[in-house]
Amino acid sequence: MNEVILVIGASGQIGTELVVRLREMYGESNVIAADIIIPSYDVMEGGPFELLDILNKKQIHNVIEKHKVTQIYLLAALLSATAEHYPKAAWELNVTGLLNILSICEKHNIKKLFWPSSIAVFGPRTPKDNTPQVTIMDPNTVYGISKQAGERWCEYYHEHQGIDCRSIRYPGLIGYKATPGGGTTDYAVHIFHEALKKNSYDCFLAEDTTLPMMYMPDAIDATIKLMESDSTKISVRSSYNVSGVSFSPSDLAAEIAKHVQGFECTYTPDERQQLAKSWPRSIDDSVAREEWGWQPSFDLKHMTSDMLANLRY
Ligand code: NAD
Ligand code: AKB
């Protein structure tokens, strides 16, 4: 069957890179980018784009009918820091938006859905090191609560409606092609830009706040690998733990300083520190590795040199 893929939230940090990769794989005209804002030049010029609000069911219906969509990647969400400022809007977008898409998948017989969760589904009582796939989940952030609810809904729709829902609990993502959209881990992108522009950076997290992170090429690979796997290999229908690399702001600053002479990082933790404190330090992703062969390629050293090479270019 000829797949037609709709990527909703295509103008964001992940969508900007994922759409380009999907178009290389499935053909430009078979990947429809959609968002409420205009995407990057590469996404806009590289294939079809639709202005689409996931809270508007009629619009979604029209786009799906127009393009005969067979798969959806739903990336639209409010991220952790923004969600704390707008809790109701975050719940509406992150949970009602997902439910809209799940019910539309059922109605239009769209069998395959990718929806990302986050390490934010874990909370203060979750084991912080090597956090297992199945463990205590007590998120205390609006974003984390919405992601946990989303995981339960994905599993429910898989069991009751047979929708092939697949999901990854992404760590904090770092890339050079798009700016991050209001998360707690955004510092790890800002620091590169400021290092090159000003030779200094004032970090909004404390220097020893170790968090699970991942370079964007690994995140895109994980997403594609999961979506391309045979469904018999997918036992987890809530969301898979995947791990890239864990580091603190001071680890990252030290690595950048090896390339940017005289770079200095200061630390002025703000309210985002509380969110970061509730999340794991490292993730056990053995289930993803065993079931569908997940393996990251980038460590801190290689990610840092690749980021700087691309930003300097
Ligand atoms: P982002 O904020 O960069 O992009 C989200 C996009 O959704 C934006 O372009 C925005 O315009 C769009 N959007 C917002 N409201 C919309 C609506 N009503 N209808 C259609 N589009 C709408 O986010 P991202 O970093 O690309 O993240 C994508 C997904 O991955 C989210 O679900 C996020 O929770 C998850 N995730 C991201 C990270 C990360 O570090 N980037 C980590 C874990 C999970
Ligand atoms: C955020 O910080 O909100 C995201 C995430 C880890 O989900 N990067």
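## Helix 7 and its end

Helix 7 is followed by Asn-199, whose phi is positive, near 65°. Helices here are DSSP runs of H or I with at least four residues, strands are E runs of at least two, and both are numbered from the N terminus. This is a predicted model, in which local features need pLDDT of at least 70 and side-chain atom pairs count only at pLDDT 80 or more, while totals for chains, interfaces and linings use all residues. Residues are numbered from 1 along each chain as its sequence is written, chains are lettered from A and ligands numbered from 1 in the order in which they are written, and side-chain values use heavy atoms, with hydrogens and water left out.

Which residues of helix 7 are buried? They are Tyr-187, Ala-188, Val-189, Ile-191, Phe-192, Glu-194 and Ala-195. Buried means under 20% relative accessible area, exposed means over 50%, and partly exposed is in between (1.4 Å probe, protein chains only).

The protein is divided into domain 1 (5-172 + 215-241) and domain 2 (174-213 + 244-282 + 298-312), with bounds that come from an automatic or database domain assignment. Their C-alpha centres lie 25 Å apart. The contact takes 27 residues from domain 1 and 29 residues from domain 2, where contact means heavy atoms within 4.5 Å.

The largest nonpolar core has 37 residues, and Ile-174, Phe-247 and Leu-252 have the most contacts inside it. Such a core is a set of buried Ala, Val, Leu, Ile, Met, Phe, Trp, Tyr and Cys residues joined through side-chain atoms within 4.5 Å. Among the elements that each supply at least two residues of this core are helix 6 (142-161), helix 9 (249-257) and helix 12 (300-312); helix 7 gives the most, with six residues.

Leaving aside neighbours within four places in sequence, Phe-247 is in contact with residues including Ile-174, Tyr-187, Leu-252 and Met-303. Apart from this core lies another, of 33 residues, among them Phe-49, Ile-220, Ala-222 and Tyr-240.

## Aromatic rings

The structure holds eight aromatic pairs. Rings of Phe, Tyr and Trp (its six-membered ring) pair if their centres lie within 6.5 Å; planes under 30 degrees apart count as stacked, over 60 as edge-to-face and the rest as tilted. Trp-153 and Tyr-157 form a tilted pair, 6.3 Å centre to centre with 55° between the planes. Both lie in helix 6, four residues apart, about one turn of the helix. Trp-153 counts as partly exposed at 33% relative accessibility, whereas Tyr-157 counts as buried at 11%.

Elsewhere, ring pairs link Tyr-73, Phe-114 and Tyr-170 into a cluster.

## Two buried residues to look at

Gln-71 lies in strand 4 (residues 71-74) and counts as buried, at 3% relative accessibility. What does the side chain of Gln-71 make a polar contact with? Its partner is the side chain of Glu-3 (3.3 Å). A polar contact is a pair of N or O atoms within 3.5 Å; within protein, one must be able to donate a hydrogen and the other to accept it, and residues adjacent in sequence count only if both atoms are side-chain atoms.

Ala-10 is found in the loop between strand 1 (5-8) and helix 1 (15-26). Ala-10 is buried, with a relative accessible area of 0%.
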